[in-house]
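Visitor: I am new to this structure. Please take one part of it and go through it closely, residue by residue.

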Amino acid sequence: MMRMTYGRLCDEVLTQARALCAVLDEADLTRQVPTCPDWTLGELAEHVGQAHRWAARIVHTRATAEVPDDDVPAMRAPSTTDAEPLTAWLGEGAELLHGALLSAGPGTGVWSWHSDRTTDFWARRMTHETVIHRADACLAAGIPFTVTPDVATDTIDEWLELVSSPALQEEDEELRELRTRAGSSIHLHATDTPADLDAEWLIELSEDGVDWRRAHAKASVALRGELTDVLLAFYRRLPPDSGRVEVLGDADLLAFWLERADFS
């Protein structure tokens, strides 16, 4: 199993942001986003753009503490229902982040809310933040969502690394509740990928928290389907009973996991 390189992640921030802009160009920005019901498409775009600009400021200034929103230039999106100024603002923020990450280089120390306090964290987090919210936008606009297999698998890997982080488990009450299902396990299985991609995951719950690895193994419950659909179901963007994925075994366990391992 190979993680995406730093350079690839930096470039992917731009790729995903541009793909999101393409969705916004074709959509009604006032439409509600079913998978983020508190937001319209315009508000979702602003959230993503703000995340890019905030992370860019952290990286550019080599921040050693959390950066207040008021210290981030042009943090607010244009107040408009016209896609052109909004996507220009969103694209500019992605370019700022891309440039800051490349200038800083991998392994550079900066503040983050995670135990990994380097530029590597922000390159990866912002890539996958953009991937998932692009999926939200596609679902709201009725546009098919596609993503390359290597990005999809790394999106799942990164989420599992976050959920299994001891520090985050201690901070998050809902993650700690997963320990009540100690001895249970979840298997994610993409059915449409070549064997060398190794797109299978085993998640094991214990009294100490969450452990995971890429593996083909029997589990208490299995979530099977095409890789993109497994990704969407795992991120609660696709209902497990949608017919696009298959749930084998303890469906209540999967529901228990999905309700608690969620801070997207």
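Guide: Start with Cys-10, which is buried, its relative accessible area being 0%. The model is a predicted one, and it contains zero disulfides. Cys-10 is accordingly in no disulfide, and the nearest cysteine sulfur, that of Cys-21, is 18 Å away. Cys-21 also counts as buried, because its relative accessibility of 10% falls under the 20% cut-off. For the sulfur of Cys-21, the closest cysteine sulfur is in Cys-138, at 12 Å, which is too far for a bond. A disulfide would need the two sulfur atoms within 2.5 Å.

Glu-12 is buried, with a relative accessible area of 7%, whereas Arg-8, at 28% relative accessibility, counts as partly exposed.

Arg-8 has another partner. A salt bridge joins Arg-8 to Asp-150, where the closest N and O atoms are 2.4 Å apart. Asp-150 lies in helix 5 (residues 149–163) and Arg-8 in helix 1, so this pair ties together parts that are 142 residues apart in sequence. Asp-150 counts as partly exposed, at 27% relative accessibility.

Glu-158 forms a salt bridge with Arg-125, the closest N and O atoms being 2.7 Å apart. This pair links distant parts of the chain, since Glu-158 is in helix 5 and Arg-125 in helix 4 (residues 119–141), 33 residues away. Both partners are under cover: Glu-158 is buried at 4% relative accessible area, and Arg-125 counts as buried at 7%. Elsewhere, Arg-3, Arg-124, Asp-154 and Glu-161 are linked in a network of salt bridges. The count of salt bridges comes to 19.

Last, return to the end of helix 1. At 65% relative accessibility, Glu-26 counts as exposed. Glu-26 belongs to a surface patch of negative charge, where it gathers with Asp-25, Asp-82 and Glu-84.

Methods:
Residues are numbered from 1 along each chain as its sequence is written. This is a predicted model: local features need pLDDT of at least 70, side-chain atom pairs count only at pLDDT 80 or more; totals for chains, interfaces and linings use all residues. Side-chain values use heavy atoms; hydrogens and water are left out. Patches are made of residues with over 30% relative accessible area and no salt bridge: like charges are joined within 9 Å, nonpolar side chains (Val, Leu, Ile, Met, Phe, Trp, Tyr) within 5 Å. Accessible areas come from the Shrake-Rupley method with a 1.4 Å probe; for residues, only the protein chains shown count as cover. A salt bridge is a side-chain nitrogen of Lys or Arg within 4 Å of a carboxyl oxygen of Asp or Glu. Lys and Arg count as positive and Asp and Glu as negative; His and the chain ends are not counted. The place of a charge is taken as NZ of Lys, CZ of Arg, CG of Asp or CD of Glu. Buried means under 20% relative accessible area, exposed over 50%, partly exposed in between (1.4 Å probe, protein chains only). Helices (H or I, at least four residues) and strands (E, at least two) are DSSP runs, numbered from the N terminus.
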